[in-house]
Amino acid sequence: MTDKRLELLIGATLRIGVIAAAVLAAVGGGFLLFSGVPSKPDFGRFLGEPAYLTTVAGIFRSAFSGNARGIIQLGLVVLISVPIVRVAVSLAAFAFRKDWLYSAVTAVVLALLVVSLATGR
Amino acid sequence: MLGCRRILSFSFYSHEPHALCCACGCERRNAISLAVFMAIVAAGSIGAGLLGSLTGLGGGIIVIPLLTLALGVDIRYAIGASLVSVIATSSGAAAAYVREGFVNIRIGMFLEVATVSGALLGAFAAAYIPASAIAVVFGLVLLYSAYVGIRGYGADNPVVAPDNLATRLRMNGAYPSAGGVRLYNVRSVVPGMGLMAFAGILSGLLGIGSGALKVIAMDRIMKIPFKVSTTTSNFMIGVTAAAGAGVYLNRGYVDPVVDLPVMLGVLAGSLVGSRILTKARTGALRVIFAIVIALVGMEMMYKGLSGRF
């Protein structure tokens, strides 16, 4: 795989991820604005978020049950995962072209990311 | 735009939902409707995405004040929004920059080791180190860099002789410019890594994207051409932000109503910005960058000195 191909692959990964996230969030936003669901949001005080919006499992469940906020949140989760997926794709690409130095470098970054997410820092 | 629909509005001053009917002669209370709130945030976020994609920064510098000062949103929701803004700027702009050949992927990946490690360290150390002191130091660094940046108006880094380590790491590269493809060499990899780790630590400690230091390290220390520095910084900041995003999501800092317009606005802004950057003159970009980091530097110093961190 040439450098140019690596660039196109990573560029495509980022683009697809971003579009998927944006579409999901926009759909959720549309539901929210046009369904007239009563809500009492008050962003002046920090109230946190209900559980169905803070855990990945909860977000998936609420999104698939058609909850507008859940769908938006799912879009946000997809957005957050884009850089991580990008690192994973880069790792695969470097390994595929037998670039062991950068495969190792990328693997270290991915491992650090996983540690960071797992230890809940 | 939504005509005479019933939009449930919410007030920042009371907790009761009001019916707000625009064109039907109903009384408009002292409240902002959901749609208007989102529109304001989206408009500001477009600016944030635009600026972020041109300078290699994350957009949080616009998003946080917009939300906290202009719209009275709690700082924690603003932090979640800033995170979303950084990831959106990063992914949105980098998608274009990588394809166009500006981003130096190898340098980005290599430096990410330092920056993500630093972020982890910074997060752990956050309990032990006073954030205000760090903020002041950070502010000073930015102000100094802004000063140096303004002095060097118009001059991009000249091509330097190849450095042994950088060459062995295959970091030297090329980028597209008006005059065709330009080659460049990279120097001072180890000091660059050091500053990256510091940038990561700051990010973990202060919770803000460290795009400014990334650009400064690549531009000043590693002698990389400016457009490569900012685009590679864009490429990197998303990863650093994503590392912390899971935690903020769990803590409830990420709100769908606040962050939806942030995400869409920033993405739109970065789309425009990435088109502009390819044609912009490096000198103009440097000046914009210097002005922005001067402002951020002053903000950091103010917050640090007044103990608001």
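A residue counts as buried if 20 or more other C-beta atoms lie within 10 Å of its own, as exposed if 12 or fewer do, and as partly exposed in between. By that rule, buried residues make up 57% of the 309 residues in chain B. The structure described here is a predicted model.

**Confidence**

The model has an ipTM of 0.91 and a pTM of 0.85. For chain A the mean pLDDT is 88, and 93% of the residues score at least 70. Within chain A, helix 2 has the lowest confidence, with a mean of 89, and helix 3 (residues 68-96) has the highest, at 94.

For chain B the mean pLDDT is 82, and 87% of its residues reach 70 or more. Confidence in chain B is lowest in strand 1, where the mean is 34, and highest in helix 10, at 94. The pLDDT is below 50 over residues 1-31 of chain B.

Chain B contains 11 helices and five strands. Among its contacts with a separation of 6 or more, 77% are between residues 24 or more positions apart.

The largest nonpolar core has 138 residues. Which residues have the most contacts inside this core? They are V84(B), I87(B) and M263(B). Helix 3 of chain B (residues 75-100) gives the largest share of the core, 15 residues.

I87(B) has contacts in both chains. In chain A it touches L79(A), I80(A), V82(A) and P83(A). In chain B, leaving out residues up to four places away in sequence, I87(B) touches G238(B), A241(B), A242(B) and A245(B).

Helix 1 of chain B packs against helix 10 of chain B at an angle of about 35°, and their axes are 6 Å apart. The crossing of these two helices is right-handed. Their contact has 21 nonpolar and 10 polar residues, and no charged ones.

**Where the chains meet**

How many residues of chain B are in contact with chain A? There are 55, and they are in contact with 52 residues of chain A. On the chain B side, at least two residues each come from strand 1 (7-10), helix 1 (34-55), helix 3, helix 4 (105-125), helix 9 (226-250) and helix 10 (256-279). The largest share of this side, 12 residues, comes from helix 3 of chain B. By class, the side of chain B that touches chain A has 35 nonpolar, 12 polar and eight charged residues.

**Partly exposed residues**

| Residue | Other C-beta atoms within 10 Å | Class |
|---|---|---|
| V56(A) | 14 | partly exposed |
| R170(B) | 15 | partly exposed |
| S188(B) | 18 | partly exposed |
| D163(B) | 18 | partly exposed |

V56(A) lies in helix 2 of chain A, which covers residues 56-64. V56(A) and L79(A) are 23 residues apart along the chain, and their C-alpha atoms are separated by 13 Å. L79(A) is also one of the residues that I87(B) touches.

Most residues other than glycine have a negative phi. R170(B) has a positive phi of about 55° although it is not a glycine. R170(B) is in the loop between helix 6 (164-168) and strand 4 (173-177) of chain B. S188(B), which is not a glycine either, has a positive phi of about 50°. Its place is in the loop between strand 5 (180-184) and helix 7 (189-206) of chain B.

Where is D163(B) found? D163(B) is in the loop between helix 5 (131-151) and helix 6 of chain B. D163(B) and S188(B) are 25 residues apart along the chain, while their C-alpha atoms are separated by 7.6 Å. Which residues is D163(B) in contact with, leaving aside its neighbours within four places in sequence? They are N185(B), V186(B) and R187(B).

Key. Residues numbered from 1 in each chain as written. Chains lettered and ligands numbered in written order. Predicted model: local features only at pLDDT ≥ 70, side-chain atom pairs only at ≥ 80, totals over all residues. Core = buried A, V, L, I, M, F, W, Y, C linked by C-beta atoms within 7 Å. Helix = DSSP H or I, 4+ residues; strand = E, 2+ residues; numbered from the N terminus. Contact = placed C-beta atoms within 7 Å. Nonpolar A, V, L, I, M, F, W, Y, C, P; charged D, E, K, R; others polar. Axes fitted to C-alpha atoms, helices over the stretch in contact; angles between N-to-C directions. Left-handed = near helix turned anticlockwise from the far one by under 90°. pLDDT = per-residue confidence, 0-100.
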